[in-house]
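Work through the exercises below with the sequence and the 3D structure side by side. Try each task before you read its solution.

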Amino acid sequence: MQDEITRSLLRITQKDRAALNVLYQHAAPKLMGLLMRMLGNKAEAEDALQEVFIRVWDRAAAFDPEKGNGLNWICAVARNLALDRLRSNRVRQVSQQVPVEDVHDLAATGPGPEAQSILRAEMEHVVRCFGELPEDRAAAVKGAYLMGLSYQDLAARYDVPLNTMRTWLRRALISLRECLDR
Amino acid sequence: MSDQDTHVLSGPDSDDLLAAEYVLGLLDGPDWLAARDRALVDQAFAARVQDWEHRLAPLNAEFVELPAPDLLAAIEARIFPARPARRFGFGWGIAAGLALAASVFVAVALFAPQFSREPALQADLVDEAQTLTFQISYDRSAAALSVVATGPEPDEGQDYELWVIDETGVPRSLGVLTGAQTRLTAALEPGQTLAVSLEPAGGSPEPTPTGPVLAAAPLTDA
């Protein structure tokens, strides 16, 4: 069975304008949380939120419900947009001031209210795979995903040379892929 | 550097790791832009990107929900600028959309001459090694595209092919580039990304690129 977000995305591919309204009601709070975490600034997050929905409207045809649920697809659109803005230096990344320790609590936070049991099982799998990594590497990977930290940011934060950070994380990514695909 | 490092940095996995680095947002500056453009035009790389997005998607549960202001009116105003669609209310059908598209087309056709004074567009595409460049200029009034290539020619049995990526993210071939200068006809807009890929002679057998993307850049005002 498809969730409300996936259904409204499929209707948006038909340029159904009412579906945009439904999607906004269901997805905006999650996207606001994502954009605030990555951009760290309310005005910037609200501006990006508008942009996300415009991109979703334009690109909904690329959404394939066989390859994942609608929420994850729009989260990917929103993360890409946030990274675009961070990497083009349009935004000073306030979120970088949040200590890395903040991203250790993957299991503690748990799935949001919209998460179903399948998602919970996936989540447990991801938690287990991150658990197999050295703690600092796991935190660094999550810091990148959740806060948009680059190699450069992470190297500065952990006080190691850029190449060391790159080698650490590439190894961590290989282990993660191996575990996640299991 | 240990053998393992060498493997990690340059092994057959390097494309897949690049996709992971791109999805995570680890890359900076030109590396980020290059990966982003490649994800738009290189199907194999885009598939790797999708796989990583899928693998890491459960982390989205980490983002907490926050109250979002009601920006729907502002969003709609940007998606449907001054269209008469509002009169139809919600749920206006595909037919109305098609009629509207048709009327926009007619309007564009009628007023086309007014675009003739629009500034020329250009893009400079340079490959990673900075040995191969494609200087592209576009005359909007004549829809004429000129591509000047400098650098090594493709090997026997291969051609460079030019692509445009529009807002849907799907690459569309503009043609095969031959010799030092190629002239093509195309309808292009500022902000679209142009890319050159290496393809079998005569161009990609598929509707999208099959070979590596050598260079990409957005089309901007000259």
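**Exercise 1. Find the angle and the axis distance between helix α3 of chain A and α5 of chain B, then classify the packing.**

Step 1. Helix α3 (residues 42-59) of chain A packs on α5(B) at an angle of about 45 degrees, and their axes are 9 Å apart.
Step 2. Axes are lines fitted to C-alpha atoms, for helices over the stretch in contact, and angles run from 0 to 180 degrees between N-to-C directions.
Step 3. That angle makes α3(A) oblique to α5(B). The cut-offs: under 35 degrees is roughly parallel, over 145 roughly antiparallel, 65 to 115 roughly perpendicular, and the rest oblique.
Step 4. The crossing of α3(A) and α5(B) is right-handed. A crossing is right-handed if the near helix is turned clockwise from the far one by less than a right angle, and left-handed if anticlockwise.
Step 5. From α3(A) come A:Gln50, A:Phe53, A:Ile54 and A:Trp57; they meet B:Ala74, B:Ile75, B:Arg78 and B:Ile79 in α5(B). Contact means that the C-beta atoms, placed from the backbone, lie within 7 Å.
Step 6. By class, this contact has six nonpolar, one polar and one charged residues. Ala, Val, Leu, Ile, Met, Phe, Trp, Tyr, Cys and Pro count as nonpolar, Asp, Glu, Lys and Arg as charged, and the others, Gly among them, as polar.

Before going on, note the ground rules. The model is predicted: local features need pLDDT of at least 70, side-chain atom pairs count only at pLDDT 80 or more, and totals for chains, interfaces and linings use all residues. Residues are numbered from 1 along each chain as its sequence is written, while chains are lettered from A and ligands numbered from 1 in the order in which they are written.

**Exercise 2. How many residues does each chain give to the contact, and which elements of chain B take part?**

Step 1. Chain A gives 59 residues and chain B gives 43.
Step 2. On the side of chain B that touches chain A, the elements giving two or more residues are α1 (3-10), α2 (14-24), α4 (43-56), α5 (72-79) and α6 (94-111). Helices (H or I, at least four residues) and strands (E, at least two) are DSSP runs, numbered from the N terminus.
Step 3. This side of chain B divides into 26 nonpolar, eight polar and nine charged residues.

**Exercise 3. Describe how α2 and α3 of chain A pack.**

Step 1. Helix α2 (residues 17-39) of chain A meets α3(A) at an angle of about 135 degrees, with axes 9 Å apart.
Step 2. The two helices α2(A) and α3(A) are therefore oblique to each other.
Step 3. α2(A) passes α3(A) in a right-handed crossing.
Step 4. The α2(A) residues include A:Leu20, A:Tyr24 and A:Leu39, and those of α3(A) include A:Lys42, A:Glu44 and A:Trp57.
Step 5. By class, the contact has 14 nonpolar, no polar and two charged residues.

**Exercise 4. Give the strand order of the four-stranded sheet in chain B, and trace the pairings of β4.**

Step 1. The sheet is open, with the order β5-β4-β7-β8 and antiparallel pairing. Strands pair if DSSP finds at least two bridges between them.
Step 2. β5 and β8 (213-218) of chain B stand at the edges with a single partner strand each, so one side of each lacks a neighbour in the sheet.
Step 3. The twist averages 25 degrees from one strand to the next.
Step 4. β4 (residues 158-165) of chain B pairs with β7 (residues 193-200) over eight antiparallel bridges. Here B:Gln158 stands opposite B:Pro200, and B:Asp159 stands opposite B:Glu199.
Step 5. Six bridges join β4(B) to β5 (residues 171-177), again antiparallel. B:Trp163 stands opposite B:Ser173.
Step 6. Six of the eight residues of β4(B) are buried. Buried means 20 or more other C-beta atoms within 10 Å of the residue's own, exposed 12 or fewer, and partly exposed in between, with C-beta atoms placed from the backbone.
Step 7. Helix α3 (residues 29-41) of chain B lies across β4, β5, β7 and β8, at about 60 degrees to β7(B).

**Exercise 5. Is B:Leu214 buried or exposed?**

Step 1. B:Leu214 is found in strand β8 of chain B.
Step 2. B:Leu214 counts as buried because it has 21 C-beta neighbours inside 10 Å.
Step 3. Leaving out residues up to four places away in sequence, B:Leu214 touches B:Asp127, B:Leu132, B:Val196, B:Ser197 and B:Leu198.

Definitions and conventions. Two residues are in contact if their C-beta atoms, placed from the backbone, lie within 7 Å.
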